[in-house]
Amino acid sequence: MLRSAWSIRQLVVNRTIGQRGLHATTTPFPNKLAFAFDIDGVLKQGHHNVLPQAKRVLELLSGSDGRLPKPIPFLLITNGGGVPDEERRAILSEELGVELTENQLVQSHTPIKEYVEKYKNKPVLIIGGKGESCRRVAESYGLKYPYIPQDIIAWKPSIWDRTELTNEEKSFVKTTDFSKISFAAALVMHDTHDWGRDITLILDLLSSNKGIFGTRKKGYDKSNFKGDVELIFSNADVEWRSDWPIPRLGQGAFRLSIENIYKSITGLNLPFIQFGKPFKSTYDFSELMLRRYLKQVNRNSNGELNVYMVGDNPLSDIDGANRHGWSSILVRTGVFNDNNGELPSHKPTIISDDVEKGVEWAIQEEIRKGNY
Ligand code: G3P
Ligand code: MG
């Protein structure tokens, strides 16, 4: 086993300071402190399972449990998505028991809003999510012609005859004569439910002539090939933590499959743009959102900030936070598991059993450093 200069023992906090530790009247207030929380594996394990520590921590930070004289700012940064930001924010506010404002949630596709401006008036294939929820996400970002795979299947079922449209899907398809529609991009916004269908449609567009289904551009398998359709992914996670004890495959695994199949068919490397954690665009966007939130709550939005990213995935949460100059807290309630003493791929500031222990440690750490 690789022994790097640092060891797990140096990083672990496994005790809480509980009720005794923090008092609104006596505890100095850490003025520069802010938190960025990952969702899956930190606040939740699966769609319907909110961790009790998560609710307690958000009560603490919002000041509603009386242990802090005023709220400590935080936002959520997830590689998840698949529903419009507004809707997801309302659902999470309900689940977590705290009112999240518009600047406190960054989903995998939220930073793409600005990037896809150039496709506003062009047909785009939207991949992922349940039903047509990702079409609604695309529309909420101003895209006027977002089509989904079900629309294409309704037009020509033989394009992928392995799965048939359900009656529910037939109720929301928007079909047209796609032999006249020139797609400009394919945008993967969330995990997809039909890998075979969606891989086929994406590869069709990448090798097509002017983004028209049913065509293949001359030289699609030649090294100097330049396709007419841009491929964008919102989340690079190969694995993520649901309510199943073993991590599940994520959008990153879907991308890896496309890369391999594209390579085997064309001999070429898949051309694509990647968003989501750990990439700079997502952390820069999140910093902007956090400062917009500080402005919104009349706090100094230009001042020095000590942000602690709390995440369960070293490859996305910890790597991204470290590269962005934030502190990072790796929890054991998600993808990361050091039962056999494995070192995480990226070194966090600390490792904690869960979000509650991590947050309380960070508050004490800021006070210990005199940041108040
Ligand atoms: O599909 C979501 C998954 O990749 C991870 O989400 O919240 O842990 O960044 P999150
Ligand atoms: Mg996670």
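Buried area is the accessible area (1.4 Å probe) that two parts lose on being put together, summed over both. Keep that in mind for the tour.

This is a predicted model, in which local features need pLDDT of at least 70 and side-chain atom pairs count only at pLDDT 80 or more, while totals for chains, interfaces and linings use all residues. Residues are numbered from 1 along each chain as its sequence is written.

**First stop: two domains.** Colour 30-108 + 278-369 as domain 1 and 112-274 as domain 2, bounds that come from an automatic or database domain assignment. Their centres, taken over C-alpha atoms, are 30 Å apart.

**Next, the interface.** Domain 1 and domain 2 bury about 1700 Å² between them, with 51% of it on carbon and sulfur atoms. Now select N79, G82 and S108: they supply 26% of the area that domain 1 buries against domain 2, more than any other three residues. Then show E87 and R136, which form a salt bridge (a side-chain nitrogen of Lys or Arg within 4 Å of a carboxyl oxygen of Asp or Glu). Their closest N and O atoms are 2.4 Å apart.

Terms used. Chains lettered and ligands numbered in written order. Heavy atoms only, no water.
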